[in-house]
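Me: I would like to go through this structure by question and answer. Please keep the terms plain.

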Amino acid sequence: MRHPRTVLVSAALSAGLAAALSAVPATAATTTANSPTAAVSSSYSAYAGSSADAKATKAFFDAVVKSVAEKRAANPGAQAVTVVYSTSRAPSFRSQISRSTQIWNSSVSNVKLQEGSGADFSYREGNDSRGSYASTDGHGRGYIFLDYAQNQQYNSTRVTAHETGHVLGLPDHYSGPCSELMSGGGPGTSCQNATPNAQERSRVNALWANGLAAAIARVS
């Protein structure tokens, strides 16, 4: 949900899949594992996106798809497409992560989220002036960072589900309404919706049907 920024920048969207994947920072944050009850020190009211963020989002999605595709290629008889995550580095947010997982698993049919070993991505927690975000090194290792202060100001399950949406391939759309999960903090702190709308659900299903098939073909 990478809400915090004091400068607004218009994201340049390219055609095709890249146009559907944007606005997640590529650089890992420096975190301090303090209590999630730490005082709120920032006002998250402005947003930003960039072409670099768009590339980072696509890199995260591609890395997760590649990880899942490699597992599928090794076990071609598997029926479900499952993305595995770890919460070991975000113990304070286990309930929000669990709820986010339930929301996504009940919303889409072509991919499922599941906690377990051999994770395709992980959740982390701490303090960062940039707020919460999804990050990857582009080589199959990615994580969602959940910022303490931001999760006090905004609905924490919405923040978590929003960031998880990036892992599943969705871009930020800050100008959208509260009913749109990927509008993030655009509608303000009063927005309590943590569920993707019909268009977002459809896009995730399409990305995982088409993107995964292409990835499996490459690694098989």
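Me: Are Tyr85 and Phe121 buried or exposed?

Reply: This is a predicted model, in which local features need pLDDT of at least 70 and side-chain atom pairs count only at pLDDT 80 or more, while totals for chains, interfaces and linings use all residues. Residues are numbered from 1 along each chain as its sequence is written, and side-chain values use heavy atoms, with hydrogens and water left out. Buried means under 20% relative accessible area, exposed over 50%, and partly exposed in between, with a 1.4 Å probe and protein chains only. For Phe121 the relative accessible area is 2%, and both Tyr85 and Phe121 are buried.

Me: How many aromatic pairs are there?

Reply: Rings of Phe, Tyr and Trp (its six-membered ring) pair if their centres lie within 6.5 Å; planes under 30 degrees apart count as stacked, over 60 as edge-to-face and the rest as tilted. By this rule the count is eight aromatic pairs.

Me: What kind of aromatic pair do Phe60 and Phe121 form?

Reply: Their centres are 6.4 Å apart. The planes stand at 70 degrees to each other, so the pair is edge-to-face.

Me: How many residues apart are Phe60 and Phe121?

Reply: Helices (H or I, at least four residues) and strands (E, at least two) are DSSP runs, numbered from the N terminus. Phe60 is in helix α2 (residues 51-74) and Phe121 in strand β3 (residues 121-126). The pair therefore links distant parts of the chain, 61 residues apart.

Me: What kind of aromatic pair do Tyr85 and Phe121 form?

Reply: Tyr85 lies in strand β1 (residues 82-89) and Phe121 in strand β3, so the pair ties together parts 36 residues apart in sequence. The ring centres are 6.0 Å apart, and with 40 degrees between the planes the pair is tilted.

Me: Which residues form one aromatic cluster?

Reply: Phe121 pairs with Phe60, and Tyr85 pairs with Phe121. The cluster consists of Phe60, Tyr85, Phe121 and Tyr123.

Me: Which strands stand at the edges of the sheet?

Reply: Two strands pair if DSSP finds at least two bridges between them. The open sheet of five strands has the order β2-β1-β3-β5-β4, with mixed pairing. Each edge strand has a single partner, so one side is left without a neighbour in the sheet; these strands are β2 (112-115) and β4 (133-136).

Me: How many bridges join β1 to β3?

Reply: Strands of a sheet pair through backbone hydrogen bonds, either parallel or antiparallel. Tyr85 stands opposite Phe121 in β3. β1 and β3 run parallel, and the number of bridges joining them is three.
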